[in-house]
Amino acid sequence: VTARLIDAELLAGALSTAAWLGAGWSAAARRRRLATALVTLAVLALVGRIGLVLALSRAGWWFVQEKVTVAVPLALIGVAAVALTIRRGPEPSARKVVALFVAGYTAAAGPLLGLFVGYPATWGAGLILLGAVAVAAGLTWRAVAPPVRPRPVGWLLAAAPLILGTAVAVTPPASAEPGTLNAIPVSAVRGPNPATAEAAGVPVRRFTLTARTAEVTLSSGRRVRAWTFDGQVPGPAIRVTQGDLVEVTVRNLDITDGVTLHWHGYDVPVGEDGVAGMTQDAVLPGREFVYRFLADTAGTYWYHTHEVSDPGVRLGLYGMFVVLPRPGVAGLDLTLPLHTFGSTFAVGDRDEPTTHPVAPGTAVRLRIVNTDSAPHRLMLDGTPFRVAALDGTDLNGPAEVRRVAVRLAAGGRADLALVMGTEPVTLRIDDHAAVVRLVRPGTAVPAATGDGDAWPTLDLTRYGTPGAVPFDAHSRFDRHHTMVLDRGLSLVDRSPTFAFTVNGHGFPHVTTQRVRAGDLVHLTVVNRSRDTHPIHVHGHHVLALTYNGRPFLGSPLWMDTFDVQPGEVWEVALRADNPGVWMNHCHNLRHAAGGMAVHLAYDGYAAPTHHAHSA
Amino acid sequence: VRKVYLAMSGVVLIAVLAQFYFAAYGAFSIPREHASFGAHSINGLMVIPLASLVTTAVAALARVPGRLIGLAAAPFGLVMVQFLIFVVVHLVTEMTMERSTPGAQAILGLHAMNALAILAVSVRGVVRAWRVVREGSARPPAEPVAMQEAAERIGAPA
């Protein structure tokens, strides 16, 4: 509803603008009746706008801030100008024509702010708009009214707010980390030494991945030019057991932009996080980098490059990372990476249906990983199932469900658990041909039909049962940070673009979120834009607190990637227990490259910040 | 000032023509990459609106008839309509960046129709500006007048 209100308010503003300008035009043409009708329309649209702003304000101040402080007051000034001139009598006059046009300019401020500036509207933006209206009024007067001696003072007066506003609104400098003196460089915060660990009896698992370009062949025979690890897409799966020490050497053969490995969702020491330009330099062709960390948490994760990740991940620089619980797993344990190659959707490297023979009674766990930049809708047909885990963390008391779809955020993971029955089971993803089927050995493959489109989507705010949590919405928080996601004109990579913004700016101009080690951090994420933003937090898992102001009533949800849809407000919390400087960003990687990223920095830690493309 | 007005009208027209080129450039990229529309998006978002606004200001300073001032502002207004089309699509359809719907595409077709309107007003803007410059010196200086003439400036049948 909130997203619809945002659109409707903007369109009402545009309608109001058009009606005022049309009225001005009609008045100048001495078409009084038309002018009166258009003025009525403009005023009605304005009243409608104010109603919509009031309705929108219920969703939160972030959605109306620029409307309440700038757009609506300006529009009212325009109405006042018209009212003043109308009081002087019904005859058309140059004054009236100018007043009607000015009302149009003031009404336009709202839609322009909404489309191109967003939250928050600053003094600077307000002054620029005021000055622009004044200058436009002057030009209109000059065009409409009898010629008068040019008055430079008048022009200067009109332009003054414009100049002042520009000075105020000038983009803040890239967010440098203050207090870098004596600060610990994040590249020095590394995982345990494998040799020492090995001597202490910790099992060490070693892997080597070589990044190179290759032409890969999907199951249908379709060939795709890809950036790969070891010539395959997805890269080799890394499956280890809880308690292992993982050592992964990445080499770069011919990816000219460089590569890194980011352990998506795994809370490694910051020096192992693989954010190029921040926690390490990108690994250029001929170079290598060794990652090592303790796999102390079981669950479904993935790794991917974090240097030019858009387009790097899209072109194939990713793979699965699964940590199995120490007792091991029984039954069938399948990892299913979802990826779109160009316009071809595939599960793993299969862009056609896949059939697995499964004996009845077998416990099956489907670890589904969304490596795309858009959410996917998962429909598991022919069996009841449980959502056993989300983003690698087991849910508490997940109930058995049937004929419901699971929405999986970009970058997110869902583990679906079921016990194979006698009926065939089909996993459908959106409406793609690459379905996954489980059938009793020796039985026919079922036809690929289903009514999954009509299924409701599983409501994760009330799935499972509440469990023990170290903090909740009522805890006392040490820090509050807010991220308002929008679009707007901002600098990204030193060039002005229509950026994906956080709090009105594109990275690296977004104000860094500062924390101290041990802080309990409250994070509010607001989506004012028209796109879905899967927010990915590095180095920490957040506990979901509220969704659009309502508490989560089901299992505690510990997430590293949560989908904030247009008009939504999420409140989440994290314990600052992994010191460093972290890159939190939208995992629609095009949005991240377009500015939607922010640093979460611990006091006493420093990272270079020159690298916007690492997002 | 009138020559600047003509020159700026020309800049708007060139930017609009380039916009059509960039649209086709992006539309034929395979696989369809959003980045292929980068030039289209920058040109449409910044160059055309700014050029149109500057032309409008110059036209007003040059005291050309009101109708021509409106004509200079028309590309700006119509480019804003291009954005509003996307807002309407978002309001009334379920289209996302990843998946279009038939209804959304039906509305988005208007993007091209409106583009033709932008082209039309840009061409007309250059033609009229050219005429103003050609006849400019022959035009008598404006007299102090009342509303009658003001209406004429706006270019409407009084």
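Biologist: So helices (H or I, at least four residues) and strands (E, at least two) are DSSP runs, numbered from the N terminus. Which element gives the largest share of the lining of the largest cavity?

Modeller: That is α3(B), with 4 residues. Before we go on, this is a predicted model, where local features need pLDDT of at least 70 and side-chain atom pairs count only at pLDDT 80 or more, while totals for chains, interfaces and linings use all residues. Residues are numbered from 1 along each chain as its sequence is written, chains are lettered from A and ligands numbered from 1 in the order in which they are written, and side-chain values use heavy atoms, leaving out hydrogens and water.

Biologist: Thanks! How many cavities of 30 Å³ or more does the structure hold?

Modeller: It holds 2 of them. A cavity here is a set of points, on a 1 Å grid over the protein atoms alone, where a 1.4 Å probe fits but cannot get out, and lining residues have an atom within 4 Å of a point. Grid points are joined across faces, edges and corners, and the volume is the space filled by probe spheres set on the points. The largest cavity comes to about 70 Å³.

Biologist: Which residues line the largest cavity?

Modeller: Among them are Tyr5(B), Thr55(B), Leu68(B), Leu71(B), Pro75(B) and Val121(B). Two or more lining residues come from each of α1 (2–27), α3 (66–92) and α5 (110–136) of chain B.

Biologist: Staying in chain B, where is the kink in α2(B) centred?

Modeller: On Gly44(B), with a kink of about 35°. The bend at a residue is the angle between axes fitted to the seven residues ending there and the seven starting there. Just after α2(B), Arg63(B) takes a positive phi of about 55°.

Biologist: How far apart are the end C-alpha atoms of α2(B)?

Modeller: They are 34 Å apart, which agrees with the 34 Å that the 24 residues (38–61) should span at 1.5 Å a residue. The expected span is 1.5 Å times one less than the number of residues. Over in chain A, helix α5 (residues 123–144) has 22 residues and reaches 31 Å, close to the expected 32 Å.

Biologist: Which residues in α5(A) are buried?

Modeller: Gly124(A), Leu129(A), Val133(A) and Ala137(A) are among them. Buried means under 20% relative accessible area, exposed means over 50%, and partly exposed lies in between (1.4 Å probe, protein chains only).

Biologist: New topic. How many salt bridges does the structure hold over all chains?

Modeller: There are 30. Each is a side-chain nitrogen of Lys or Arg within 4 Å of a carboxyl oxygen of Asp or Glu. One of them joins Asp7(A) and Arg530(A) at 2.7 Å, N to O. That pair links distant parts of the chain, 523 residues apart: Asp7(A) is in helix α1 (residues 2–28), and Arg530(A) is in the loop between β24 (520–527) and β25 (533–536).

Biologist: Is Asp7(A) buried or exposed?

Modeller: Buried, because its relative accessibility is 0%. Arg530(A) is partly exposed at 24%.

Biologist: What does Asp333(A) meet in a salt bridge?

Modeller: Arg239(A), at 3.0 Å, N to O. These two are 94 residues apart, with Asp333(A) in strand β10 (residues 332–341) of chain A and Arg239(A) in strand β4 (residues 235–241) of chain A. Asp333(A) is buried at 14%, whereas Arg239(A) is partly exposed at 29%. Elsewhere, salt bridges that share partners join Glu9(A), Arg49(A), Glu66(A), Lys67(A), Asp486(A) and Arg528(A) into one network.

Biologist: Last topic: strand β26. How many of its residues are buried?

Modeller: 6 of 6, in residues 542–547 of chain A. Two strands pair if DSSP finds at least two bridges between them. β26(A) pairs in the antiparallel sense with β30 (569–575) over 4 bridges, with Ala544(A) opposite Val572(A). β26(A) is also antiparallel to β28 (558–559) over 2 bridges, where Val542(A) has Met559(A) as its partner.

Biologist: And what do β26(A) and β27(A) form?

Modeller: A hairpin with 2 residues between the strands, and Asn548(A) in the turn has a positive phi of about 50°. Across that pairing, Thr546(A) stands opposite Pro551(A).

Note on methods. 1 Å grid on protein atoms, 1.4 Å probe; cavity = no way out; pocket = protein on both sides within 12 Å on 5 of 7 lines; lining within 4 Å.
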